[in-house]
Amino acid sequence: MPVRESYAEGAPSWVDLSTADVEGAMAFYSALFGWNWEQNETGEPGSYYYVASLNGHAAAGLHHQHQEQVDMGVLPTWNLHLNVADVDATMRKVEANGGSVLAPAFDVMDAGRLGVAAEPSGAVVCFWQAGAHIGAGVVDEPGAYCWADLVTSDPKGAVEFFTEVVGMGHGTHEMPGLGLVDFLKVGDDDVAAIVLPPTEGIPPHWQTNFTVADCDATSAQIKELGGAIIVEPFDIPPGRLAVATDPSGGEFAIIELAEMH
């Protein structure tokens, strides 16, 4: 099992879901990925943060969507967190590099320190300075996070932003059917792809990918659990991928990694 105890600067370290239907989401993802949930105090009366564990290791988080977002019809969203050593210093670079500060850095109990921003095209990204919580304790296993795709019509702007703000590198690879694709790197490792929206009208966002043992079987299970498949399983160089929504409309992707076989 790929157990993690730390993350490099700029590396994706955590994902969490913002949703109006916390109970429904916990039931859906528990059945789908085998997660167990733990309720945590947030320091605000009546407010909780839920941590999912997989085989005893933290895998993902869950929290209530802000009511104003619900009222505006904003769908549940999986949020990507990038690890940084100094979130305050990171947030000071956001606006200078074309981004927007959505939530200045603040302490999350003793878990760590969080800042929320949008890269130049508008995709929201969280910056996480670890305290007691380093992020995901397990990755790249069935039921765990494995990858992120930044969907934006401005790949060049995204590359420049993440290079300057968190020191990520940049590379390109030829992908069958997609042509030359931009990748964000941490050290020598590709950690996220930057892809153009498949159709007009899709706002910039991060697509969170979870590993599964069998993409087709999991796609069928998603439908049985009340979710939907919006892109049916298809083969890509790393494995077999499908894009889905949970019963409340939160979008995520599943991938059956080729090297698992």
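Q: In which strand does F234 lie?
A: This is a predicted model. F234 belongs to strand β14, which covers residues 228-236.

Q: Is F234 buried, partly exposed or exposed?
A: Buried means under 20% relative accessible area, exposed means over 50%, and partly exposed lies in between. F234 has a relative accessible area of 33%, so F234 is partly exposed. Together with I230 and V231, F234 makes a nonpolar surface patch of about 230 Å².

Q: How is a pair of aromatic rings described?
A: One gives the distance of the centres and the angle of the planes. The structure holds 17 aromatic pairs. One of them joins W35 and W37, with 5.8 Å from centre to centre and 80 degrees between the planes, an edge-to-face pair. W35 is buried, at 3% relative accessibility, whereas W37, at 22%, is partly exposed.

Q: Why is the pair of W147 and F183 tilted?
A: Planes under 30 degrees apart count as stacked, and those over 60 as edge-to-face. The planes of W147 and F183 stand at 55 degrees, with the ring centres 6.1 Å apart, so this pair is tilted. The pair links distant parts of the chain, as W147 is in strand β9 and F183 in strand β11, 36 residues apart.

Q: Which residues form one aromatic cluster?
A: The cluster consists of F28, Y29, F33, W35, W37, W78, F210 and F252.

Note on methods: Residues numbered from 1 in each chain as written. Predicted model: local features only at pLDDT ≥ 70, side-chain atom pairs only at ≥ 80, totals over all residues. Heavy atoms only, no water. Patch = residues over 30% accessible without salt bridge, like charges linked within 9 Å, V, L, I, M, F, W, Y side chains within 5 Å. Areas by Shrake-Rupley, 256 points an atom, 1.4 Å probe, with all protein chains shown as cover. Salt bridge = Lys/Arg side-chain N within 4 Å of Asp/Glu carboxyl O. Helix = DSSP H or I, 4+ residues; strand = E, 2+ residues; numbered from the N terminus. Buried < 20%, exposed > 50% of the residue type's maximum accessible area, 1.4 Å probe, protein only. Phe/Tyr/Trp six-rings, centres within 6.5 Å; stacked < 30°, edge-to-face > 60°.
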